[in-house]
Amino acid sequence: MNLQPRLLTAAAVTAVAVLAAPARALVALEDGRDHIFVDGSFEMGYDSNVFANAESGGSVSYRETLAIAFSRHAGLIGVNATASLEAGQYSSFRGQNYVDPKVTAELTKLTGRTTGTLSASIQREDHADVTTNTRDTSWVYDTGLNFQYPVIERYSISGTVDYNKTDYLDQTLFTNLVTYTEDVYLYYILNEQRDLFVDYRNRYTEEESGVTDSDNDLSGGVSGKVYGPFNGSVQFGYQQRSTRGGPEAGDVFNDVSANGATTWNIDRRMTLTANLSRDFSTTATAQSIDTSSAGLVFQDSLTAKASTTLTAEGGQNRFLGAEGDVQPGGAQRVDWFYELGAAYFYTVNQHLKFSISYDYYRSYSTLAYAEFGRHQVDFTVSSHW
């Protein structure tokens, strides 16, 4: 195994970061209104379960990333754009090596009565999928509009309109998906610390075969000071998924929905964040699932340069309809999982950072092939200009 090119890459990132003069951006133009940033990173690690299934093996892995970002904040409309390239290599599964480009652009309006963001992105993705228990490669195209409009003193409206298309390279195993989402919030300012809101979301997913899933979700919640020392946003509601076309036509599923993240600032150094989620989704193999999860993230800024993060999460993936049966007419597939992680970050200067992380994922399932454990250890050096 030839490590020299990879070690040279890491050395180059480190040397450039240490020797360069301090700067907030690599290039500043138009009297500081335009900025160009460059980010680079090198990661070396070990993944004990590359394909996320009961029979997969492990591999040492390497990942290099280079990104260039442009930012302009002058006048009414701000502009942000990025272009990045990520390359990954596996010593034991060379057929899974990848090079993934990504391009994003957004226009932002942060002043005036109506504010919002218009964004678009194109990217290639390679990853292990725990719902299909294999690796998939896809091109993802996304366009979205977010807006906020204050109606009167205490009321405001915000919303999202989004288009997402996922094209998988392996058409024999995976199904291309197109998803349209419309989401509207009505906010009411209760007091200086807390807002109440009502949310209606419609999500329409179309499979390449012509089968469609329609999700309607009505929920309500609170943002700001949620409870006691916790600040953030939490909402609960009721949702319905209906399927049209194909052998699953006429299937209707109803369930509680939930989404939220709240943070407790324990002191000037430490924070504790709690998050939860419950929602319908469609897998890469066009199966409907109901996913529930809850977790905690603890962060401690040990010193001005060092910090650590501890994470814990657990949940369930419930596969719906006849497609979710382990065997025709048999038990339904249900996955229970938990994930534990720890990371340490050290900042040498504004240009150079190091981190080391460990993550353990464990899945229990009514499908034997979906029962597995996964250890991941990564060491990363990154530089920002």
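Modeller: Let's begin with a rule: two strands pair if DSSP finds at least two bridges between them. Keep in mind that this is a predicted model.

Biologist: What joins strand S15 to strand S16?

Modeller: Strand S15 (residues 288–300) and strand S16 (residues 306–319) are antiparallel and joined by 12 bridges, so they pass the cut-off of at least two. A hairpin of five residues connects S15 to S16, and Ser292 has Gln316 in S16 as its bridge partner. S16 also runs antiparallel to S17, with 13 bridges, and Thr308 stands opposite Tyr344 in S17.

Biologist: On to the rings. How many aromatic pairs are there?

Modeller: The count comes to 13 aromatic pairs. One of them is Tyr180 with Tyr204, at 6.3 Å centre to centre and 40 degrees between the planes.

Biologist: Why is the pair of Tyr180 and Tyr204 called tilted?

Modeller: The centres are 6.3 Å apart, and the limit for a pair is 6.5 Å. Stacked needs planes under 30 degrees apart and edge-to-face needs over 60, so the 40 degrees of this pair is called tilted. Tyr180 is in strand S9 (residues 177–189) and Tyr204 in strand S10 (residues 194–207), so the pair ties together parts 24 residues apart in sequence.

Biologist: What makes Tyr180 partly exposed?

Modeller: Its relative accessible area is 32%, and partly exposed lies between the 20% for buried and the 50% for exposed. Tyr204, at 29%, is partly exposed too.

Biologist: Why is the pair of Phe337 and Tyr361 called stacked?

Modeller: The planes of Phe337 and Tyr361 are 15 degrees apart and the centres 5.8 Å apart; planes under 30 degrees apart count as stacked. This pair links distant parts of the chain, with Phe337 in strand S17 (residues 334–349) and Tyr361 in strand S18 (residues 352–365). Phe337 and Tyr361 are both buried.

Biologist: Which residues make up the largest nonpolar core?

Modeller: Phe337 and Tyr361 belong to it, along with Ala52, Ala128 and Phe372, five residues in total. Beyond four places in sequence, the contacts of Ala52 include Ala128 and Phe372.

Biologist: Why is Ser242 called buried?

Modeller: Ser242 has a relative accessible area of 14%, and buried means under 20%, so Ser242 qualifies. Ser242 is in strand S12 (residues 230–244), and among its contacts beyond four places in sequence are Thr212 and Asp251.

Biologist: How do you know that the charged end of Arg362 sits over the ring of Tyr364?

Modeller: The charged end is 4.4 Å from the ring centre, while the limit is 6 Å.

Biologist: Finally, where does pLDDT stay under 50?

Modeller: That is residues 1–23. The chain has a mean pLDDT of 91, with 92% of its residues at 70 or more.

Definitions and conventions. Residues numbered from 1 in each chain as written. Predicted model: local features only at pLDDT ≥ 70, side-chain atom pairs only at ≥ 80, totals over all residues. Heavy atoms only, no water. Phe/Tyr/Trp six-rings, centres within 6.5 Å; stacked < 30°, edge-to-face > 60°. Helix = DSSP H or I, 4+ residues; strand = E, 2+ residues; numbered from the N terminus. Buried < 20%, exposed > 50% of the residue type's maximum accessible area, 1.4 Å probe, protein only. Lys NZ or Arg CZ within 6 Å of the ring centre and 35° of its normal. pLDDT = per-residue confidence, 0-100. Contact = heavy atoms within 4.5 Å. Core = buried A, V, L, I, M, F, W, Y, C linked by side-chain atoms within 4.5 Å.
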